[in-house]
Amino acid sequence: MYTPPTWNNKAVKWFDDRLPIVTLMHKELIVYPAPKNLNYWWNFGSLAGIALVIMVATGIFLAMNYTAHVDYAFNSVERIMRDVNYGWLLRYIHMNGASMFFIVVYIHVFRGLYYGSYKAPREVLWWLGIVIMLLMMASAFMGYVLPWGQMSFWGATVITNLFSAFPVVGESIVTLLWGGFSVANPTLNRFFALHYLFPMILFAVVFIHLWALHAKKSNNPLGIDAKGPNDFIPFHPYYTVKDAFGLGIFLMIFAYFVFFQPNFFGEPDNYIPANPMVTPPHIVPEWYFLPFYAILRSVPDKLGGVLAMFGAILILFILPWLDTSKVRSATFRPIFKWFFWLFLADCFVLGYIGAQGAEEPYVTIGQVATVYYFLHLLVIVPLVGWFEKPRPLPESISAPVTTKA
Amino acid sequence: MAEAENTAPTTGGESSRRDFLIYGTSALAAVGTALAVWPFISSMNPAADTLALASTEVDISAVEDGQAITVVWRGKPVFIRHRTEENIEAARSVDVAELRDPQTDEDRVKEAPWLIMIGVCTHLGCIPLGQKDGDPKGDFGGWFCPCHGSHYDTSGRIRKGPAPLNLPIPPYAFLDDTTVKIG
């Protein structure tokens, strides 16, 4: 049980007595018990949080120089790049920050998939993570529209048109999203407003995600419940220092892209101002949407494609019940482990296909990969949990190191 | 922690009257909230000035046989093609029953040589190629969408590829021999 400390400093004591926030931080950030065997894959949650802070910070300052109007948006971004003091730096951090954020979050998600972090009692924590991912995707999509280049415009056109696939209400939804009869000034204006709003909601959901985490504590590489004080260590200094080390590595990679390859993740076409009369010959979304874009295009029916694409993410909500195995960590699941790597490879294949034109052999490969994506989650995961004989689990987190071989 | 207090004596009559009041109040609050949300959502739909930009007049006297022009209407391209005899012949010799979105060529034009339609692919909104001489025109001599490979014929009907519908016809009228009003 947690016993709050007695604060010696009179001012702190006075304040904490009225708003116990110092005690709260002491409880949740300092003495917070974390399993003692967390490996480096557990760094990515805190990295994602830091990436969000970096995005919000650079975004606020970019907004001070950005103009959300079809006649000025493109030029205001160029002005940020050329004339605003350190504008180039802020924009390149924000641009590449989006990619970094997605890399970190995707690793975080696959960490959860490998070690079974979505299983009881962490289902709500997992749901909140999916909500965060959806909010991120919406924010990233709308942010990409703001520079009002060719890819901004046509990306916005194609993605908003997805909603026209829904019967009866589809067209009305699209008009509502556009605020007109095509992607135009009202669309740009509202996307800017929402691009500013969504990260704030994201922030709130991240706190609820952390609340759910702290209620049930972290999963760990062995996937077994931590029992008693011997299995825990305090978050500070053990994991603050481990997270700080990981952060250093992360920032080095981040800085490499910002300073040496700032347009690596971007599309050159987005440096051409938006032209509603000319579609670029090869439209591709940003890399982090490519697997989903591949799923969309693999289904020959318009509505079917849209449903499959959204379904690919929404299906993760029921994953805790699709997985019938009681064992969390893939370390002790000899068959599931291989299917996990196959699933990861499948996602990479989908990403590759998403970047290719709509022609053979890519169409067929994309269809096979799409079928496998759903086959893995809907059939393989439930069946493997049923038939697989897991390896014996250790007694406790401490057992493998304290018992003699 | 204190246990939650037992809020009310649960003698039948009083409790059910209280329940009725709670449900009634909640239902009214829900309806009121829904009504309050309405103007917010409605404000996202096209504004009066956007709707007011809804028509365009075009002089078509300079468009020769076999040529095409693209004009802007409601922020979208409108294709105006002065079709040749062969184009019209090709469009009218098709068995309508075989089409994905069955429509006769006669239903799609007001005057046979002039095909006027919105140049936005019905798949995901790209602009099909085929307006200029050098453009690919697809397998049916009309238009070809480069994004996901939809082919349209000389009447703008979908013939091949993922698009579900023909290129839409905007409302228009010939004001005189050389002027057409779109919208």
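Helices here are DSSP runs of at least four residues, numbered from the N terminus. Keep that in mind for the close-ups below, which all come from a predicted model.

View 1. Let's start with A:Met25, which sits in helix α2 of chain A. Which helices each supply at least two residues of the patch? They are α1 (10-18) and α2 (21-30) of chain A. The largest share, 5 residues, comes from α2(A).

View 2. Now for the inside. In soluble globular proteins, nonpolar side chains tend to be buried together. Here the largest nonpolar core has 117 residues. Among the residues with the most contacts inside this core are A:Phe101, A:Met137, A:Trp148, A:Leu319 and A:Tyr373. Helix α6(A) gives the most to this core, with 14 residues. Zoom in on A:Leu319 and look past its neighbours within four places in sequence: A:Leu319 is in contact with A:Leu113, A:Tyr118, A:Trp126, A:Leu377 and A:Val381. There is also a second, separate core of 15 residues, which includes B:Val58, B:Ile118, B:Val120 and B:Tyr172.

**View 3. A:Lys119, a buried lysine in a loop.** Where does A:Lys119 lie? Look in the loop between α5 (87-115) and α6 (123-145) of chain A. A:Lys119 counts as buried because its relative accessibility is 5%, and the cut-off for buried is under 20%. The side chain of A:Lys119 makes a polar contact with the side chain of A:Asp323, at 3.2 Å. If you skip neighbours within four places in sequence, A:Lys119 is in contact with A:Asp323, A:Ser325, A:Val327, A:Arg328 and A:Arg333. Two of these partners turn up again in a network of salt bridges that links A:Lys119, A:Asp323, A:Arg333 and A:Glu388.

**View 4. B:Asp153 and its two arginines.** Over all chains, the whole structure has 12 salt bridges. B:Asp153 takes part in a salt bridge with B:Arg157 (3.2 Å, N to O) and in another with B:Arg159 (2.8 Å, N to O). B:Asp153 and B:Arg157 are both buried, with B:Asp153 at 2% relative accessibility. B:Arg159, on the other hand, is partly exposed, with a relative accessible area of 26%.

**View 5. A salt bridge between two helices of chain B.** The side chains of B:Glu106 and B:Arg92 meet in a salt bridge (3.8 Å, N to O). B:Glu106 lies in helix α4 (residues 105-108) and B:Arg92 in helix α3 (residues 85-92), so the pair ties together parts that are 14 residues apart in sequence. B:Glu106 is partly exposed, at 45% relative accessible area, and B:Arg92 is partly exposed too, at 34%.

**View 6. A:Pro300, out in a loop.** A:Pro300 is found in the loop between α11 (290-298) and α12 (302-314) of chain A. A:Pro300 counts as exposed because its relative accessibility is 68%, and exposed means over 50%. From the C-alpha atom of A:Pro300 to that of A:Glu395 the separation is 51 Å, with the two residues 95 residues apart along the chain.

Technical notes: Residues numbered from 1 in each chain as written. Chains lettered and ligands numbered in written order. Predicted model: local features only at pLDDT ≥ 70, side-chain atom pairs only at ≥ 80, totals over all residues. Heavy atoms only, no water. Buried < 20%, exposed > 50% of the residue type's maximum accessible area, 1.4 Å probe, protein only. Polar contact = N/O pair within 3.5 Å; in protein donor to acceptor, adjacent residues only side chain to side chain. Contact = heavy atoms within 4.5 Å. Core = buried A, V, L, I, M, F, W, Y, C linked by side-chain atoms within 4.5 Å. Salt bridge = Lys/Arg side-chain N within 4 Å of Asp/Glu carboxyl O.
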